[in-house]
Amino acid sequence: MTCATQLLRHSRKLRNAQNVLENGNTRLVRYFSKDANNYIRRDDMSSYKPNLARFTPARTFKGFASGVNETTNFRQPAHVGFYNSISSARVSSVRFFSSDLPPHQAIGMPSLSPTMTEGNVVKWVKKEGEKVSPGEVLCEVETDKATVELECMEEGYLAKILHGEGSKAIQVGEIIAITVEEEEDIPKFKDYKPSSSPSPSSPAEESKPAPAPEPKPAPPSKPDPKPAKAEEETKSGDRIFSSPLARKLAEDNNVPLASIKGTGPDGRIVKADIEDYLASGAKAPKTKEAIPSSDLDYVDIPNAQIRKITAARLLQSKQTIPHYYLTVDTRVDNLMKLRSELNALQEASGGKRISLNDLVIKAAALALKKVPQCNSSWMNDFIRQYNNVNINVAVQTEHGLFVPVVRDADKKGLSTIASEVKTLAQKAKENTLKPNDYEGGTFTVSNLGGPFGIKQFCAIVNPPQCAILAVGSAEKRVLPGSEAEQFEFGSFMAVTLSCDHRVIDGAVGAEWLKAFKGYIENPQSMLL
């Protein structure tokens, strides 16, 4: 218990850790070194994966663990911290104990969505020197999809802000602030700067000591400043071997094959080599350089995070998903009549008005239950078919395109769908959507007909989904009557289903459209 006692006395915040010792298997490690520290971990905390972060040279020492009858060699850094990977609006932090600085906690940029790689600090709610408590908002972070409030997890004081308001392109895991336990420790971090930008995801690399410099033999010859000639010598004779796809990609991007070193069989240049060359930022020579006219008046608009991620995902979709499109005209006279009747009831009861798009969402959800193959995702080795029907609804705002999700739309009434869609659309326009408001969709509906009068269009599949429905405007048409020289009018709406051919065969997509058209033209069946 000596080790446990010293651990509990090490920090004011660890004095209540007896619950950890009583409620589960606990491993205690005592470090035998000059700057001895204590480390505690719950063995059954499967979701908590601590890593060690190093900022000064490490050293090897011996330690023991309770419940383990053996002595183990450890490599301990001078600063030892715990990093917890999270995907919610909680602060990811690393705790440090050092002889030079008082105990402090480094707050890193967390990953707030599955696709987030970097974030922007929009606003700091707490200022340097202010006290913070668990659950209080530290700052507002702009992710790739929304602006999220970042909450503090522990009590303390905000000692140093490393990235102020307006800081952009902060990598996930990069330290943005420092908190301390005691208020008198705040001045000690006035000039604090992280010695490096350690990545918590790679502790193994960070824990390695820096190798001592060794004398290196002089190179046989100075490398040629022209890489094209040096690399060309690795090819067989004068011919440069490359795959047809690599040659096409290089030609489209004006990349000289002589400047690429192939990684394929026998030094063959493959597509991945060209992509790596382009990703490295190498500038390909251009035959013609487009120089803007001096009398051209323009303004450069910086891209927000939502526009960057939208561009990347849609580009990925068009490049990797084999799209095909199915269009059908649906008569909506009965649908419009039912909508008028339901809105009269809604107004009488004080409910939200039901839009044509709400009826489309309901019909799409029921059609997905009837044809579940369209409610799936391509997973390379298998196709994942979802039991939940969660419909994303495309909403255009001044900040960019958002797709909030209506969960279990097949089980909800039209009044509930109408209320949720209006609430989510308002959040999107105010840029206050939370990750739970847009994650987990299985199908998307995009409507440009009602708001903009677009007759018909083809939408891009939103990965990892396998289909998206594009809804056009309703227009009146003249139809032949039952007798000669008799005519009648009808309202028709064109809808186009964009499908991923890897998941949805053409006949399956047509079957889904048939089911959808049946619900639209006989809307009473949606109420059964």
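**Close-up views of the predicted model**

View 1. Glu-142 has Thr-147 as its bridge partner in β10. This is a predicted model, in which local features need pLDDT of at least 70, side-chain atom pairs count only at pLDDT 80 or more, and totals for chains, interfaces and linings use all residues. Residues are numbered from 1 along each chain as its sequence is written, and side-chain values use heavy atoms, with hydrogens and water left out. Strands (E, at least two residues) and helices (H or I, at least four) are DSSP runs, numbered from the N terminus. Two strands pair if DSSP finds at least two bridges between them. Five bridges join strand β9 (residues 137-142) to β10, in the antiparallel sense. The open sheet has four strands, in the order β10-β9-β7-β12, with antiparallel pairing. Its edge strands are β10 (147-151) and β12 (170-171), each of which pairs on one side only. Strands of a sheet pair through backbone hydrogen bonds, either parallel or antiparallel.

**View 2. Strand β7 and its two partners.** Strand β7 spans residues 118-124. Five of its seven residues are buried, so β7 is largely enclosed by the rest of the structure. Here buried means under 20% relative accessible area, exposed means over 50%, and partly exposed lies in between (1.4 Å probe, protein chains only). β7 pairs with β9 over four antiparallel bridges. There, Val-121 has Val-141 of β9 as its bridge partner. β7 also pairs with β12, antiparallel, over two bridges. In that pairing, Gly-119 meets Ile-170 of β12.

**View 3. Strand β11, enclosed.** β11 covers residues 156-161. Six of its six residues are buried, so the strand is largely enclosed by the rest of the structure. Strand β8 (residues 131-132) pairs with β11 over two antiparallel bridges. Look for Lys-131, whose bridge partner in β11 is Tyr-157. Strand β13 (residues 175-180) runs antiparallel to β11, and four bridges join the two. Lys-160 stands opposite Ile-178 in β13.

**View 4. The two faces of helix α5.** Helix α5 runs over residues 244-252. Ala-246, Leu-249 and Ala-250 are buried. Seen down the axis of α5, its buried residues fall within an arc of 100 degrees, so they line one face of the helix. The arc is that of the directions from the helix axis to the C-beta atoms. An α-helix has 3.6 residues a turn, so residues three or four places apart point the same way. On the other side of α5, Pro-244 and Glu-251 are exposed. The cover over the buried residues of α5 includes α6 (271-279). After α5 comes Asn-254, with a positive phi near 55 degrees.

**View 5. The largest nonpolar core.** A nonpolar core is a set of buried Ala, Val, Leu, Ile, Met, Phe, Trp, Tyr and Cys residues joined through side-chain atoms within 4.5 Å. The largest one has 58 residues. Those with the most contacts inside it are Ile-391, Phe-443, Leu-469, Ile-504, Trp-512 and Phe-516. Helix α9 (residues 356-370) supplies the largest share of this core, 10 residues. Another core lies apart from it, with 18 residues, among them Trp-124, Leu-150, Leu-158 and Ile-170.

**View 6. An aromatic cluster.** Phe-443, Trp-512 and Phe-516 form one aromatic cluster. Rings of Phe, Tyr and Trp (its six-membered ring) pair if their centres lie within 6.5 Å; planes under 30 degrees apart count as stacked, over 60 as edge-to-face and the rest as tilted. By this rule, there are three aromatic pairs. The ring centres of Phe-443 and Trp-512 are 5.3 Å apart and their planes are at 35 degrees, so this pair is tilted. It links distant parts of the chain, 69 residues apart: Phe-443 is in strand β21 (residues 443-447) and Trp-512 is in helix α13 (residues 506-521). Trp-512 and Phe-516 form a stacked pair, with 5.3 Å centre to centre and 10 degrees between the planes. These two are four residues apart in helix α13, so about one helical turn separates them. Phe-443 is buried, with a relative accessible area of 0%. Trp-512 is buried at 0% too, and Phe-516 is buried at 0%.

**View 7. Around Ser-473.** Ser-473 sits in strand β22 (residues 467-480). It counts as buried, at 16% relative accessibility. Contact means heavy atoms within 4.5 Å. Not counting residues up to four places away in sequence, Ser-473 touches Gly-449, Gly-453, Ile-454, Lys-455, Phe-492, Met-493 and Ala-494.
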